[in-house]
Amino acid sequence: MRRLSALLQAGSFRVAHDQLEAIVDANPKFVEGLRLFAGTKQALGDAGAAETLLRRALQLEPAWTPTLTTLGELLLNSGRSAEAESLLQRAVSGSPPYPRAALLLARYYNDLGKPAQALEVAAPLCMSGKADAELDAQHIAALNALGRQNDAVAGYRGIVAAAPDNLAAAHSLAIALNMANQHDEAARVAQHVLARGYKSAALYNTHARSLIAQGALESAESALRDCLTLDPRLIDAQNNLAQLIWMRTGDIAQATDAFDRALQTFDNDDALWAARAAILQGAGDARAAYACLAPRVTRAQAPPMLLVRAALAALEFDSATALMLAERALHSLPDNAAARAVLVAAQLGIGDARGALPHCDTLLANAPDDQYLIALKTTAWRLLGDERYTQLCDYKNLVVPVQLDTSPPWPDLASFFADLRLSLNPLHNPHGHPLLFQSLRRGTETTQDLTRNADPAIQALFRSFAAPIRDYLKIMGQGSDPLRRRNRGTWRFNGSWSVRLRTMGHHANHVHPRGWISSACYVELPDIMNDARREDGVLTFGRPSIITTPALGAEYVVRPEVGMLVLFPSYFWHGTVPFSSDQARLTVAFDAVPDR
């Protein structure tokens with residue numbers, strides 16, 4: 001069996017399949033043999049045969065937790081979440097509890113936005129110090145979603161203090177530190193664990209995350225290559241490596257090379273194919289993203305999430321195809337929010353706003369604060385001429401530009417912003433390319449959370465935002481709509497960054513799904529933007545990022561000025577107009593959310 005496990009790890013599924021077939025034929029009641037044989041069937045694309053084998057194994061031994069877990073995972077991937085959840089719960093509560101089941105269930109709950117349930121599943125194993133890094137990561141993610149980042153760090157510090165030789169726990173401490181934005185210490189902890197000889201793909205990936213946050217991109221790239229040497233199928237590492245190579249080269253072939261090499265061995269790995277397509281789309285080539293998935297989504301048993309990924313690509317150029325794919329995915333996954341959200345966007349694309357509204361209501365019932373979903377609903381209202389659109393998208397009163405005050409010890413705003421430019425510009429690679437999956441075109445975006453940057457000018461800038469935000473909350477007032485009902489008078493930053501656009505640079509239209517109040521602060525602007533007769537570089541509101549029938553344009557414009565901070569609801573579609581100049585357009589932005 002060890003030899004067979006090695007074959008499966010190496011991706012030699014056909015060889016393992018044939019050997020296991022012989023073993024199972026000779027030993028038809030060998031439960032573990034049936035389970036592993038099912039795994040080879042699934043890897044070779046025959047999910048139906050895999051399910052039959054697993055159900056046969058479960059009949060032979062109903063309490064065998066590995067079989068419960070493997071069948072639960074297969075059902076999750078095929079959209080039968082209710083039965084999958086029941087099987088995984090049985091595996092988690094088995095004797096002994098099966099860690100893989102806890103991982104799958106915790107990840108499932110986190111993905112559903114149910115961190116409290118994820119925490120309940122993960123905490124017993126994680127706090128005993130017996131979980132692996134993947135399960136610990138889900139435990140930490142649940143605590144993070146509940147606003148308990150410090151609890152996660154404290155908990156894993158305690159485990160490491162009690163067992164200094166528990167290097168797996170030290171790895172998990174590094175994960176917790178990264179999640180709490182304590183990247184310097186996370187890097188030190190990860191490096192220490194690596195130096196002691198504990199080298200796993202997951203640890204290299206964790207180390208790379210902290211290095212990326214520190215801006216040590218060359219070292220991060222090296223760590224990610226080490227990671228993928230050990231595990232070419234680790235999607236997070238593949239994504240991060242592609243991102244770094246794209247930022248350095250702007251060459252999509254180089255950025256996807258590691259994916260291509262992995263797919264030579266794991267050609268049937270739908271997750272790898274989907275992630276590769278996402279990179280292509282993130283680099284601006286939605287048609288190539290769709291083309292790489294098209295042969296796979298024609299299969300009758302194509303995984304629902306592969307259909308969703310293909311639909312997301314098709315949304316950019318063919319709403320009808322996106323709708324067909326989304327309907328197939330939703331048929332298999334009736335409760336899946338991602339499939340339903342793509343369906344809504346596709347319906348807006350073909351002009352069926354009225355048909356989209358019930359799906360919007362279903363989505364918002366489960367995620368009432370998702371700003372993208374709110375934007376989809378307001379777009380449907382706008383297409384229908386519904387007055388609720390103008391109430392919720394009251395640009396004149398809810399887009400608020402303010403001129404910042406001078407921050408001490410600077411004597412005036414000009415000297416303050418001069419120093420601020422000196423602090424921000426080195427954070428941008430002058431020869432870099434835009435981040436993947438972001439709205440900016442022809443420019444660069446910082447990778448660090450600027451609120452944690454110790455530079456005095458940057459810290460002073462964020463302090464200067466406090467008074468305008470408090471004033472904005474007063475202007476907003478109280479109410480029952482998605483914006484005002486969250487206004488308790490308190491707030492906190494939820495991500496911050498800087499963008500430096502060069503000539504013809506702009507932001508594609510977008511919203512901030514996890515925000516509440518979004519912003520743009522103008523630090524440096526090209527001279528051409530002083531010409532009131534031109535629209536170069538202006539901030540626009542109202543034009544969706546998705547195709548709509550009929551097409552919808554911008555409805556409101558703000559002309560930026562240096563020292564201006566613009567605040568607006570995160571569900572407002574917003575973008576900028578390209579500008580032509582040798583001078584840069586430098587901004588700082590943040591999202592704010594209600595403080596807990």
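The model is predicted.

**Stop 1: the sheet**

Begin by selecting strands β1, β7, β4, β9, β3 and β2. Together they form an open sheet of 6 strands, in that order, with antiparallel pairing. At its edges lie β1 and β2 (440–445), each of which pairs on one side only. On average, neighbouring strands here are turned by 30 degrees against each other, direction ignored.

**Stop 2: strand β7**

Next, select residues 564–569, which make up strand β7. How many of its residues are buried? The count is 6 of 6, and the strand is mostly covered. In a regular strand the side chains alternate between the two faces of the sheet. In β7, M564, V566 and F568 point one way, while L565, L567 and P569 point the other way.

**Stop 3: strands β3 and β9**

Move along the sheet to β3 (residues 492–507) and β9 (residues 585–593). These antiparallel strands are joined by 8 bridges. To see one point of pairing, select F493 together with A592, its bridge partner in β9.

**Stop 4: helices on the sheet**

Display helix α28, residues 456–464, which lies across β3, β4 and β9. Its direction runs at about 50 degrees to β9. Then display helix α29, residues 466–476, which packs on the sheet and touches β1, β3, β4, β7 and β9. The direction of α29 makes about 40 degrees with that of β7.

**Stop 5: the pair α23 and α24**

Two packed helices are described by the angle between their axes and the distance between the axes. For α23 and α24, the angle is about 155 degrees and the axes are 9 Å apart. The two helices are therefore roughly antiparallel to each other, and their crossing is left-handed.

To view the contact itself, show side chains on both helices. From α23, the residues involved are A353, R354, L357, C360, D361, L363 and L364. They meet L373, I374, L376, K377, A380, W381, L383 and L384 of α24. By class, the residues of this contact comprise 12 nonpolar, no polar and 3 charged.

**Stop 6: helix α20**

Select residues 304–314, helix α20. Why is this helix described as largely enclosed by the rest of the structure? The reason is that 9 of its 11 residues are buried. Those buried residues are P304, L306, L307, V308, R309, A310, A311, A313 and A314.

**Stop 7: residue D531**

Finish with D531, located in the loop between β4 and β5 (539–541). Its relative accessibility is 22%, so D531 counts as partly exposed.

Key:
Residues are numbered from 1 along each chain as its sequence is written. This is a predicted model: local features need pLDDT of at least 70, side-chain atom pairs count only at pLDDT 80 or more; totals for chains, interfaces and linings use all residues. Side-chain values use heavy atoms; hydrogens and water are left out. Axes are lines fitted to C-alpha atoms, for helices over the stretch in contact, and angles run from 0 to 180 degrees between N-to-C directions. Helices (H or I, at least four residues) and strands (E, at least two) are DSSP runs, numbered from the N terminus. Angles under 35 degrees count as roughly parallel, over 145 as roughly antiparallel, 65 to 115 as roughly perpendicular and the rest as oblique. A crossing is left-handed if the near helix is turned anticlockwise from the far one by less than a right angle, and right-handed if clockwise. Contact means heavy atoms within 4.5 Å. Ala, Val, Leu, Ile, Met, Phe, Trp, Tyr, Cys and Pro count as nonpolar, Asp, Glu, Lys and Arg as charged, and the others, Gly among them, as polar. Buried means under 20% relative accessible area, exposed over 50%, partly exposed in between (1.4 Å probe, protein chains only). Two strands pair if DSSP finds at least two bridges between them.
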